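Please look over the chain shown below before reading on.

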Amino acid sequence: MVAAILLICSAHAWADLVWRQPGPADGMDVWYGSFYNKTGMYDEKLRVGGWGDEYDTLIRFDLSGLPQVADQAVIWLWGYPQSGSPTHTWIHWWLITSPWQSASVGWDTRPNSFSLGYTPPPSTSGGWYGVNFTNQYNVWRSGITSPLNY
């Protein structure tokens, strides 16, 4: 999956539309597995799911300069076609609660986190798939939870 975040600060003003993408310019991203590729991998795909094992993707966006409250915050994912079975898997979302660096994280050194729940997989491969996380963004930016962006 490829990920990007979209924030809309005013429902009627396209001028307020803001994009952030994880990676060297706007944050960090890495993926690893529980059986294969247990060390951090850096390629154009951020894998999730698994076939009896688990793949985790960690993404961190640079949110500096973004509004305290967003009318809408969406993480957009690109679904890649998969070989084998299953071709689609539910996505488990976690809020990371401890520091991590993409160069040193892997299955055995993954950061602390807690579950935010699951979302269903995209219905088809080869297209964008949006996951709304406006509530989580606004709670984080309000300072109610840790002010640190892990």
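Over the ring of which residue does the charged end of Arg 60 sit? The charged end of Arg 60 sits over the ring of Trp 100, at 5.1 Å from the ring centre, where a charge sits over a ring if NZ of Lys or CZ of Arg is within 6 Å of the ring centre and within 35 degrees of the ring normal. The charged end of Arg 110 likewise sits over a ring, that of Trp 107, 3.7 Å from its centre.

Before going further, note that this is a predicted model, in which local features need pLDDT of at least 70 and side-chain atom pairs count only at pLDDT 80 or more, while totals for chains, interfaces and linings use all residues. Residues are numbered from 1 along each chain as its sequence is written, and side-chain values use heavy atoms, with hydrogens and water left out.

The chain holds one helix and eight strands, and from the N terminus on they run β-β-β-β-β-β-β-β-α; helices (H or I, at least four residues) and strands (E, at least two) are DSSP runs, numbered from the N terminus. Of the 150 residues of the chain, 38% count as buried, where buried means under 20% relative accessible area, exposed over 50%, and partly exposed in between (1.4 Å probe, protein chains only).

Trp 107 also takes part in an aromatic pair with Tyr 32, and a search of the whole structure finds two such pairs. Rings of Phe, Tyr and Trp (its six-membered ring) pair if their centres lie within 6.5 Å, and planes under 30 degrees apart count as stacked, over 60 as edge-to-face and the rest as tilted. The pair of Tyr 32 and Trp 107 is edge-to-face, with 6.3 Å from centre to centre and 70° between the planes. Because Tyr 32 lies in strand E3 (residues 27-33) and Trp 107 in the loop between E6 and E7, the pair ties together parts that are 75 residues apart in sequence. Tyr 32 is buried, with a relative accessible area of 2%, and Trp 107 is buried as well, with 17%.

The largest nonpolar core has 15 residues, of which Leu 63, Ile 75, Leu 77, Trp 93 and Tyr 137 touch the most other members; such a core is a set of buried Ala, Val, Leu, Ile, Met, Phe, Trp, Tyr and Cys residues joined through side-chain atoms within 4.5 Å. The elements that give two or more residues to this core are strands E5 (72-78), E6 (91-96) and E8 (128-132) and helix H1 (134-142), and E5 gives the most, with three residues. Apart from this core lies another, of eight residues, among them Tyr 32, Leu 58, Ile 96 and Trp 100.

In H1, the residues Thr 134, Tyr 137, Asn 138, Trp 140 and Arg 141 are buried. Seen down the axis of H1, its buried residues fall within an arc of 165°, so they line one face of the helix; the arc is that of the directions from the helix axis to the C-beta atoms. After H1 comes Gly 143, whose phi is positive, near 90°.

Finally, turn to Phe 114 in strand E7 (residues 113-119), which counts as partly exposed because its relative accessibility is 43%. Leaving aside its neighbours within four places in sequence, Phe 114 is in contact (heavy atoms within 4.5 Å) with Trp 93, Trp 94, Leu 95 and Thr 97. Phe 114 and Trp 94 are 20 residues apart in sequence, yet 5.4 Å apart in space, C-alpha to C-alpha.
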